[in-house]
Structure formats: C-alpha cells, structure tokens
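Please examine the structure shown here.

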Amino acid sequence: MDALEKLAERNREHNKIKKDEKFSTYFLMLGLLPFYADLIYSKFVVGLEFPESLGYFLLSLAGNCIFAFPVLGMGSLLLFPRLLKLFTLVGIQIWFAYFWVYHELSWVGFLPLVIVYIIFQIQLPKIKQRAVEEDGI
C-alpha cells in the first residue's frame, strides 16, 4: 500500500510540473505579443514587402526579445499571484507595443523594465529565502 501512495504522490507532482510548464509556455507566447502586433502593423498598415520586411522582422524580433526576456525572467521569480503576473504582463506588453510599434518611442516603451527591475530588487531577499526553503539547503 505504501508503494501506491508513493506512486500517487509522484503522479500529483508530475501533473503539477506539467501544469507549470504549460503555463510557462503560454507566458512565453504572450511575451511575444508586441512582436506579433509589429508584424501585423508592418504588413497591413505600412505595407512593407520582402526585402524591407525581412530587416524590419529581425529588428522587431531583436527589440522584443531584449524587452520580453528580462521581463519574463524576473516576472517568473516575483512573489505575486499568477493572475496578477498575467495581467501585469499583458499591461506591460501593451505599453511596450504602443510605444515601440505605433509611436516609435523605444525609450518610453522600455520604461517598464526599470519598474520590474526595482520590484525584483525589493523582493530579492524574500525570493532567495523562498528558494532556500524549497531546496531544503
């Protein structure tokens, strides 16, 4: 009977890990939201064709990755409920897309990175403490 309980516990842990990975994948796809908006804007509003669109595509992808990956990395470590993280990420992405794509004010678009970094630095001792508790070190 003990073996069945251990197996059930491992199944619960595995299901939790699968759920967390699925959620992380959705967060990553959501992190590329400004890139999708930029592609649609460049194709249908600006009307860029192939040679210009390739350069624009690469520039847009690079700018979005420079913005999204630090936000996603720090955001995943912050000690907030998932729903708050989700809505905050959507708000930050809308802010970035609005200024990066539509107004070409990249320095204003990147301002949320500073705010996320400050919040991350404030919560860093608690994050470290939580990591030590979870790892049992």
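The questions and answers below concern this predicted model.

Q: Which helix gives the most residues to the nonpolar patch on the surface?
A: The nonpolar patch is formed by Trp95, Leu105, Trp107, Leu111, Val114, Tyr117, Ile118 and Ile122, which together present about 840 Å² of accessible area. Five residues, written as 5 in the count, come from a helix spanning residues 111–135.

Q: Is Leu105 buried, partly exposed or exposed?
A: Leu105 is found in the loop between α4 (82–102) and α5 (106–109), and Leu105 is a member of the nonpolar surface patch. Its relative accessibility is 35%. Because the range between 20% and 50% defines the middle class, Leu105 counts as partly exposed.

Q: Is Ser60 buried or exposed, and which residues does Ser60 touch?
A: Ser60 has its place in helix α3 (residues 50–77). With a relative accessible area of 3%, Ser60 falls under the 20% limit and is therefore buried. When residues up to four places away in sequence are not counted, Ser60 touches Phe35, Asp38 and Trp100.

Q: How far apart are the N and O atoms of the salt bridge between Arg12 and Glu9?
A: Side chains of opposite charge can pair when their charged atoms come close. Arg12 and Glu9 are 3 residues apart in helix α1 (residues 2–31), so about one helical turn separates them. Glu9 is partly exposed, at 35% relative accessibility. The side chains of Arg12 and Glu9 meet with an N to O distance of 3.0 Å.

Q: Which residues are linked with Lys16 in a network of salt bridges?
A: Lys16 forms a salt bridge with Asp20, and their closest N and O atoms are 3.6 Å apart. Both residues lie in helix α1, 4 residues apart, or about one turn of the helix. Lys16 is exposed at 54% relative accessible area, whereas Asp20 is partly exposed at 26%. The network links Lys16 with Asp20 and Arg82.

Q: What is the distance between the closest N and O atoms of Glu134 and Arg130?
A: Glu134 and Arg130 are 4 residues apart in helix α6, so they are separated by about one helical turn. Glu134 is exposed, with a relative accessible area of 62%, while Arg130 is partly exposed, with 43%. Their salt bridge has its closest N and O atoms at 3.8 Å.

Q: How many salt bridges does a search of the whole structure find?
A: Among them are the pairs Arg12 with Glu9, Lys16 with Asp20 and Glu134 with Arg130. The search of the whole structure gives a total of 5.

How values were computed: Residues numbered from 1 in each chain as written. Predicted model: local features only at pLDDT ≥ 70, side-chain atom pairs only at ≥ 80, totals over all residues. Heavy atoms only, no water. Patch = residues over 30% accessible without salt bridge, like charges linked within 9 Å, V, L, I, M, F, W, Y side chains within 5 Å. Areas by Shrake-Rupley, 256 points an atom, 1.4 Å probe, with all protein chains shown as cover. Salt bridge = Lys/Arg side-chain N within 4 Å of Asp/Glu carboxyl O. Helix = DSSP H or I, 4+ residues; strand = E, 2+ residues; numbered from the N terminus. Buried < 20%, exposed > 50% of the residue type's maximum accessible area, 1.4 Å probe, protein only. Contact = heavy atoms within 4.5 Å.
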